[in-house]
Amino acid sequence: MRGVAPINPEKKMECSVKESDYYEGERLTHLLGLVQRGIETSKTSNVNSLPDKIWLKKQIAIGINEVTRVLERMKPNPNDTKQPPVQLQVVIVVADCKPRILTKHIPNLAASRNVPVLYIRDNKRASLRLGELVKLKTALAIGVKARGTDLNLLLQQILPKR
């Protein structure tokens, strides 16, 4: 196999994840509870009284495809004056999904847009727990849109300072 570069297992991704970056156990329960409370309080302060599913879609990008689409539409330079109407405050990704290639691109894409990524894992149940938040059976990734709601204010308190 001439002309093929050998695979270097020592080479790290530019977005390396430390063990402390994962939310699991009690930390995961606290995070999901906080997000659930933020969703409920934001929903009660909703003066437009939209149906739940429509309101949720306006607040949260649900699923790998939608999160990727919103991240790709965001500009890499946060100082750019022509930003798209939708910005993500944080992306929550299931870390223990199989196959891993489904969510592998999200951390690098989010890092290029200065969007923090929270990784969750719960012994093969993380996708079920994340799906419960958005009233679906499972979800591998969600992105919370920056809309100035109570949910955004609650998440701002727990996000790592950049």
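Colleague: Which residue forms a salt bridge with Glu-40, and how far apart are the closest N and O atoms?

Modeller: Side chains of opposite charge can pair when their charged atoms come close. The term salt bridge here requires a side-chain nitrogen of Lys or Arg within 4 Å of a carboxyl oxygen of Asp or Glu. Glu-40 pairs with Lys-43, and their closest N and O atoms are 3.9 Å apart. This is a predicted model, in which local features need pLDDT of at least 70 and side-chain atom pairs count only at pLDDT 80 or more, while totals for chains, interfaces and linings use all residues. Residues are numbered from 1 along each chain as its sequence is written, and side-chain values use heavy atoms, with hydrogens and water left out.

Colleague: Where do Glu-40 and Lys-43 lie?

Modeller: Both belong to helix α1 (residues 26-44), three residues apart, about one turn of the helix. Helices are DSSP runs of H or I with at least four residues, numbered from the N terminus.

Colleague: Is Lys-43 buried or exposed?

Modeller: Buried means under 20% relative accessible area, exposed over 50%, and partly exposed in between, using a 1.4 Å probe and protein chains only. Lys-43 is buried at 18%, whereas Glu-40 is partly exposed at 32%.

Colleague: How many salt bridges does a search of the whole structure find?

Modeller: Six. Among them, Glu-66 bridges to Lys-57 with closest N and O atoms 2.8 Å apart. Glu-66 is buried at 15% relative accessibility, and Lys-57 is partly exposed at 39%. Shared partners join Lys-57, Glu-66 and Lys-145 into one network of salt bridges.

Definitions and conventions. Helices (H or I, at least four residues) and strands (E, at least two) are DSSP runs, numbered from the N terminus.
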